[in-house]
Amino acid sequence: MKRRDFIRKTGLTAAGALASPYILPSGRLFAPTGSRMNGHVVMVMFAGGVRQQESILQRYLDDSQENEPYPGNIMYNMLNGEEPEEKIVYGTGQGGINPIPQILDQTLQTQGTIFREVSALSAGHYGGLNSLIQGSTVTTQGLKNRPLNPTIFEYLRRHGGYSATDMWFIGNGISNSVPLLNYSGHSDYGAAYGANFFAPSVTFSEVGQEFLGDAKIYHPENELAPMYQLKYFLDNSFEEYAGGLLSLGNTEEEKQNIKGFMDDMFTRTQNGTIAMPPLTDNNDLATVGYACEVIRHFKPALTVVNLNSVDSCHSNFSGYLSSLHRADHAIGHLWNFIQNEVPEIANDTTMIITPECGRNLEPNNILDENDWRAYDHSDLNSLRVWTTMVGPNVPSNLEIGGEGNPVGQVTDTMMTIADILGVKPEVQGAGLVAPGTNSLFDLI
């Protein structure tokens, strides 16, 4: 496939994208001064804006739609609580009438700790994502702009001695500035300490597979075939749009490792053997399937997964409920996969889930097919979120805070990762996180 055809078919324009993984040089400047609690963390950025009322408060339609007094829990892999009894629209089948079967025998709430009312620092997406990745909202909004302060990836690689393949950021798309979140523009950190960014929805889309397939056919003996053809194409597109990929490099061992992984993913995608959740009818679910494969192959110290299909709430409340239900399904599958399919890390992994922001208390004027009102994110209710944590050293069946009693803030997720993986003192010493940021373990 010609380069211009790939751009046209995937919608890549000047917005650019780095949708294939790349490897950065390893190394650290200082020995870490903290101790590791365990060896692996998975952070789920429950992005797109998750309204407190339909999620942790389990009010379903009762707090959002007029004359719809139907509460209930539609996130029953994560949360304890009874499902809605009527007006089911979030599942499968015609009208979404069939709820998706629960995956986990015990909810994450039962297995771990929930902070029921946490304060977000931004009601917008890019500020919200930055608060989770860099621990502050210090950023320049818009395309072509990286975080200004170091990301958790950079702290871990510089101070913890982690290699490039220990750090993975898995996005479910390449829109806006999401691919820029794998490292910052900070002069003391930057590209040399960044993470691998991988957007499987682009790399293994129908168009991506066509490109890879062409590379395999026409370059069967070339070491760049099939995945490096696409990698370099996307890297070059990104370079044209973002002014270059600064100081990127990779060891030969890392090259071969990622080459083998991508080749395997290409084949298994075609054969339908990726570790997908039982249901795969939206982008978040497919992204989690590939995240499972990254975890199985590389066993990273940190895997960050971005989910954002719930952002449909701006205009389609029914679709938002469906995506919220599916995100719960995806997260249940991800935890179940780690516990049962990757025994080497099953008892050595902590998973943390935090929405980047909430949604408004009052609706906008848009009605969906059920005549239900939609919600944006711009008011104080949008700063109400929650955090769930499960894994080693995490107390089970513990709830902290609640409605009217917020405990913690979204930046605590980043500091908690630093705490678990042994670089908390260095992150605190850098002095670049938002005031009041703590490790969640300090709040238990």
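A residue is called buried when its relative accessible area is under 20%. By that cut-off, 9 of the 9 residues of helix α4 are buried, so α4 is largely enclosed by the rest of the structure. The model is a predicted one, and the description below moves from the whole chain to its parts.

## The chain as a whole

The chain has 444 residues, and buried residues make up 60% of them. Its secondary structure comes to 12 helices and 8 strands. Among contacts with a separation of 6 or more, 77% are between residues 24 or more positions apart.

## The sheet

An open sheet of 8 strands runs in the order β4-β3-β5-β1-β6-β7-β2-β8, and its pairing is mixed. At its edges are β4 (196-198) and β8 (398-400), each of which pairs on one side only. On average, neighbouring strands of this sheet are turned by 15° against each other, direction ignored. Strands of a sheet pair through backbone hydrogen bonds, either parallel or antiparallel.

| Strand pair | Sense | Bridges |
|---|---|---|
| β1 and β6 | parallel | 7 bridges |
| β6 and β7 | antiparallel | 3 bridges |
| β2 and β8 | parallel | 3 bridges |

In the pairing of β2 (residues 113-119) with β8, Thr 113 stands opposite Leu 398 in β8. Met 45 has Thr 354 in β6 as its bridge partner, and Ile 353 has Thr 388 in β7.

How many of the 7 residues of β6 are buried? The count is 7 of the 7, so β6 is largely enclosed by the rest of the structure. Both faces of this strand are covered.

Strand β5 holds Thr 303. This threonine has a relative accessible area of 1% and is therefore buried. Leaving aside residues up to four places away in sequence, Thr 303 touches Val 41, Val 42, Met 43, Trp 168, Ile 170 and Ile 295.

## Helix α4 and its neighbours

The buried residues of α4 are Ile 152, Phe 153, Glu 154, Tyr 155, Leu 156, Arg 157, Arg 158, His 159 and Gly 160. They pack against α3, β3, β5, α11 and α12 (424-430).

The axes of α4 (residues 152-160) and α11 (residues 411-420) come within 10 Å and cross at roughly 20°. That angle makes α4 roughly parallel to α11, because angles under 35 degrees count as roughly parallel. The crossing of α4 past α11 is right-handed. Where the two helices meet, Ile 152, Tyr 155 and Leu 156 in α4 face Met 414, Ile 417 and Ala 418 in α11 in contact. An α-helix has 3.6 residues a turn, so residues three or four places apart point the same way. Just after α4, Gly 161 takes a positive phi of about 75°.

## Asp 379 in a loop

Asp 379 lies in the loop between β6 and β7 (384-390). Is Asp 379 buried or partly exposed? Its relative accessibility is 26%, so Asp 379 counts as partly exposed.

Not counting residues up to four places away in sequence, Asp 379 touches Arg 359, Asn 360, Leu 361 and Glu 362. Leu 361 is 18 residues from Asp 379 in sequence, and the two are 7.4 Å apart in space, C-alpha to C-alpha. A polar atom of the Asp 379 side chain lies 2.9 Å from the backbone nitrogen of Leu 361.

Key:
Residues are numbered from 1 along each chain as its sequence is written. This is a predicted model: local features need pLDDT of at least 70, side-chain atom pairs count only at pLDDT 80 or more; totals for chains, interfaces and linings use all residues. Side-chain values use heavy atoms; hydrogens and water are left out. Two strands pair if DSSP finds at least two bridges between them. Helices (H or I, at least four residues) and strands (E, at least two) are DSSP runs, numbered from the N terminus. Axes are lines fitted to C-alpha atoms, for helices over the stretch in contact, and angles run from 0 to 180 degrees between N-to-C directions. Buried means under 20% relative accessible area, exposed over 50%, partly exposed in between (1.4 Å probe, protein chains only). Contact means heavy atoms within 4.5 Å. A polar contact is a pair of N or O atoms within 3.5 Å; within protein, one must be able to donate a hydrogen and the other to accept it, and residues adjacent in sequence count only if both atoms are side-chain atoms. Angles under 35 degrees count as roughly parallel, over 145 as roughly antiparallel, 65 to 115 as roughly perpendicular and the rest as oblique. A crossing is left-handed if the near helix is turned anticlockwise from the far one by less than a right angle, and right-handed if clockwise.
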